[in-house]
Structures are given as C-alpha cells and as structure tokens.
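Could you walk me through this structure, residue by residue where that helps?

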Amino acid sequence: MANTTKDVTVVIDIQKPVGRLGFGKVLILGAKAGGSVYKEYTDLAGVKTDFIETTEEYKAAQAIFAQGDQAPSVIAITCHNSTTGESEETLVQRLQAVLDKDWYFLVSTSAAKVDVLAVADEIEADGTHQFFTRSSSLTDLAAIKAKDYTRTTVLYHTTTANYPEAAWVGAAGSAPVGSITWKFKKLNGIQPLELSSSELLAIHNLGANTYITKAGDAVTTEGRVVDAEYIDIIHARDYVKFSIEYGIQKLLNSTPKVPYTTAGIAQIEGVVKTVLQRAHNQGIIASDEDGIGLYGTTFKSRDEVDPADRAARSYNDGSFYFELAGAVHDATIHGVIQF
C-alpha cells in the first residue's frame, strides 16, 4: 500500500560480489489485562510504576537496562489486551497500532512459536524494524528458519526467562549505526553456554545465534538475522534509507520551492552526499587508501530528465552507491618457524 504521507522514497538493494528516528530504541511488546498504550521509560524505576518486578515486561526491561553504559537512554513498552472478550487484542494487532511510533528494535515477552512467527511475519511485511527473539528449542528454530526472515534475529539459550535477546539489544542497539558488529558482544546477567563444535554448528545452521565463551570471554556469536545477513548491514541500510528520505523531505518542507533546475537538483544531491558522508564517518561506508569514503552519486540534469516527469514535478533520476565497511569476524594467520 502506498504511503501518502511521504513525498520521498529511497530504494536500496544490497549488491554482493560473485533510517525511522529511533534507531537504537527498543520496544517491548507484552500482554496485560486491559492492555497498555505505547509509553517510553528512561529507567527501571519508571517501568516499575506500571509493571511490577514479577511481570515479563519488567524482566525484559531489566535485561536491557542491565547493560550499563551500552544500554539505551530510553525504551518503550506496549501491551495487547489479553482479557478475553470483545476488546481482546492480539500481539499483531497491538504491533500494527504502534508501527509508526519512534522505535526500531522489537522484543516480545512471548517466545511461543506461534507468536514469534506471527510477529516476525508482520515485521517482515512492514520492512522498517528488526525483531529479536529467544528460543531454547531446536525444533522451533527449524520452523523459524524455514521462513528465511530478513528482519528477525534469534538468540538460542537454554535459559530464556531472563531475556538474553533483550540483553543483546541493550548491549549493542544504541551504538552509532555502523560503529559495531553484533558478534563478540558481552551480555551482563547472561551465562554463556557450554556447547560442542557440532552443537554450535547446528544452532548456526538453523539461523540462530547463541552466547558462548571464547578466549575466556563470554560473547555472542555470528550477529546474523535468520536468513544469514548480518544484523549491522540491515541496520545500516535502514539508517541510510531513512536519513535520505528524512533529509530530502525536510529540504522540501523548509524551502519556498526547490526549482526543477541545475541548482534545485544539486540541493537534493547535496542532501544525499551529506548522509553518505555521515555514514562514512560512522563506519558504515568503507574508505580508500587515502581515507576517502567509497561512495558516489549520479543525478541527471534537467535536460536529461523525461519531460513528462518535469511536467509532473517528479524527479526520479537520482542514484547513489557505497561500499560497506563490514567487519572482521574471523581470521587465518600463516606463520613459519625458521632455524
């Protein structure tokens, strides 16, 4: 369905070789008799005014805020009305009601397979958020993997009552987009699992991540969504897309008019270049040997644009590219012993 509230649309394809405002904000989706509207909280004390310590919503918030300096400065909570009757509301209905709020990462208090699949389907259809869930069942992992989700991440752990996936979002989600990889993250309050190599491989093959000890440190593995793309790449793509849309919309809103001339087109291109340079500064975009960002833009001049587009006041001939900086997740080092 077309969004009639936007005049600017950016489409980014991830070409592999042969930003909404709240890009670190977490929404906890829960269940409560009577429901609970979208509300933001800056600390656990605030959460406790609405959700006592024994509630699942409080436990999820506690896992997020337990990540210390890495934790977000604000989270949000909303609950579907779990009371049976005419006003009963499903998780998906509550989610649909808050999709346009200022948040990016989603954590659900329900880890039941049917709920996870329903919420993940909705997140996939919306295409602007990421969903983090948890599981202690390899069977459930297989069912989730079969959907090949691009916006859902699963953290496998034998203990799920303390919300390990919420801790992960709390530890990594608020870092500047592009500045981190989601692998190797330490999670306060979460115990690492002892897994054999074959067990770890099975979990990864099922599209999940987990939490283990490497070189004496407890760390998260892989940092991938279900379909095996890296979490930070999805995050970066969404951030760049939103930032360009937002920037150009602001330009259109704040200028008497952007003329359909060389100067007007240059204004639009300038917004795109500004966003790409910021993405480079944050570590999303790679640098060449001289430290220059590996990105570029191509915007057709007025004379090159279809006259029908000019008559319709529609400019559709701008494009850009950039090379992802990526991250090192493993290494092989060769050595020689000499006599």
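D148 is partly exposed, with a relative accessible area of 43%; here buried means under 20% relative accessible area, exposed over 50%, and partly exposed in between, with a 1.4 Å probe and protein chains only. You will find D148 in the loop that runs between α5 (138–145) and β6 (152–156). Helices (H or I, at least four residues) and strands (E, at least two) are DSSP runs, numbered from the N terminus. The phi angle of D148 is near 55°, a positive value in a residue other than glycine.

Before we go on, a word on what you are looking at. This is a predicted model, in which local features need pLDDT of at least 70 and side-chain atom pairs count only at pLDDT 80 or more, while totals for chains, interfaces and linings use all residues. Residues are numbered from 1 along each chain as its sequence is written, and side-chain values use heavy atoms, with hydrogens and water left out.

Now look at R313, which also has a positive phi, about 60°, although it is not a glycine. R313 sits in the loop between α10 (307–311) and β11 (318–322), and it is exposed, with a relative accessible area of 78%.

Strand β8 (residues 211–214) and strand β9 (residues 217–220) pair in the antiparallel sense over 4 bridges; two strands pair if DSSP finds at least two bridges between them. Within this pair, I212 stands opposite V219 in β9. The hairpin has 2 residues between its strands, and A215 in the turn has a positive phi of about 55°. A215 is exposed, with a relative accessible area of 82%.

G170 takes us to helix α6, where it is one of the buried residues. In helix α6 (residues 164–172), 9 of the 9 residues are buried, so the helix is largely enclosed by the rest of the structure. Another buried residue is L276, whose relative accessible area is 0%. L276 belongs to helix α9 (residues 262–282), and its C-alpha atom is separated by 24 Å from that of V225, 51 residues apart along the chain.

What lines the largest cavity? Its lining is made up of A172, A175, P176, V177, G178, S179, I180, W182, D232 and H235. A cavity is a set of points on a 1 Å grid over the protein atoms alone where a 1.4 Å probe fits but cannot get out, and lining residues have an atom within 4 Å of a point. The volume of this largest cavity is about 50 Å³, a volume being the space filled by probe spheres set on the points, which are joined across faces, edges and corners. By class, the lining has 6 nonpolar, 3 polar and 1 charged residues; Ala, Val, Leu, Ile, Met, Phe, Trp, Tyr, Cys and Pro count as nonpolar, Asp, Glu, Lys and Arg as charged, and the others, Gly among them, as polar.

Finally, step back to the whole protein. It has 10 helices and 11 strands. The radius of gyration is 22 Å, close to the 20 Å that the globule rule gives for 339 residues, so the protein is as compact as a globular protein of that length; this radius is taken over C-alpha atoms, and the rule is 2.2 Å times the number of residues to the power 0.38. Of the 339 residues, 45% count as buried.

Conventions
On a 1 Å grid over the protein atoms alone, a cavity is a set of points where a 1.4 Å probe fits but cannot get out, and a pocket is an open set with protein on both sides within 12 Å along at least five of seven lines; lining residues have an atom within 4 Å of a point.
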